[in-house]
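Please look over the sequence and the structure before reading on.

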Amino acid sequence: MSDEKKLAIIVEDDELTSEIFEAAIREAGYKTELYYDGQAALDRLQSYDEIPFLAVLDLHLPNVAGDIILDHIVQDEQLKDLRVIVASADGSLAKFQQGKKSGNILIMQKPVSFEQLKILSMRMMR
């Protein structure tokens, strides 16, 4: 069995929030990559260079919105096993969640605590 850590990408344009998310995800046992821009995150996902195990995704991002990235993840066969935590302050998340047809997507409304994200990330690793 490999001791290599699974990769998690964090797509969050708020620098302080992204640092908190990164610390929680690392403490949960992942290696991380940070993206502050939707286009950069989409480019990374389309490269298929070490497909991430987990993505923490904000919906309101510069250049490419998080829902576009999420649509790409759901539709791309290469990313079918990618687990996604959508973390957004958007109050219409319940309606948003109903439109997505993947069991690998969890929705969390901000503010998301360090402990919440850490525990959820650890559970997803199993």
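## Terms and basis

Two strands are said to pair if DSSP finds at least two bridges between them. Helices (H or I, at least four residues) and strands (E, at least two) are DSSP runs, numbered from the N terminus.

The model is a predicted one, in which local features need pLDDT of at least 70 and side-chain atom pairs count only at pLDDT 80 or more, while totals for chains, interfaces and linings use all residues. Residues are numbered from 1 along each chain as its sequence is written, and side-chain values use heavy atoms, with hydrogens and water left out.

## Overall layout

The secondary structure of the chain comes to five helices and five strands. Along the sequence they follow the pattern β-α-β-α-β-α-β-α-β-α.

The chain has 126 residues, of which 44% count as buried; buried means under 20% relative accessible area, exposed over 50%, and partly exposed in between (1.4 Å probe, protein chains only). Contact means heavy atoms within 4.5 Å. Among contacts between residues at least 6 apart in sequence, 65% join residues at least 24 apart.

## The sheet

The five strands form an open sheet with parallel pairing, in the order β2-β1-β3-β4-β5. At its edges are β2 (31-35) and β5 (105-109), each of which pairs on one side only. From one strand to the next, the twist averages 15°. Axes are lines fitted to C-alpha atoms, for helices over the stretch in contact, and angles run from 0 to 180 degrees between N-to-C directions.

Strands β3 (residues 54-57) and β4 (residues 83-88) pair in the parallel sense over four bridges. Valine 56 has isoleucine 85 of β4 as its bridge partner. Five bridges join β1 and β2, also in the parallel sense, and here isoleucine 10 is partnered by leucine 34 of β2.

Five of the five residues of β1 are buried, so this strand is largely enclosed by the rest of the structure. Leu7, Ile9 and Val11 point one way from β1, Ala8 and Ile10 the other way.

## The nonpolar cores

A nonpolar core is a set of buried Ala, Val, Leu, Ile, Met, Phe, Trp, Tyr and Cys residues joined through side-chain atoms within 4.5 Å. The largest one has 19 residues, and Val11, Leu45, Leu57, Ile69, Ile73, Leu82 and Val84 touch the most other members. At least two residues of this core come from each of β1, α2, β3, α3 (66-75) and β4. Apart from it lies another core, of 17 residues, among them Ile10, Ala28, Tyr30 and Val112.

Leaving aside neighbours within four places in sequence, leucine 57 is in contact with residues including Val11, Gly66, Ile69 and Val84.

## Two packed helices

Helices α2 and α3 pack at an angle of about 10°, with their axes 10 Å apart. That makes α2 roughly parallel to α3, a term for angles under 35 degrees, while those over 145 count as roughly antiparallel, 65 to 115 as roughly perpendicular and the rest as oblique. On the α2 side the contact is made by Gly38, Ala41, Leu42, Leu45 and Gln46, and on the α3 side by Ile69, His72 and Ile73.

## A buried glutamate

Glutamate 22 is found in helix α1 (residues 15-27). Its relative accessibility is 17%, so glutamate 22 counts as buried. Leaving aside neighbours within four places in sequence, glutamate 22 is in contact with Ile10, Thr32 and Leu34.
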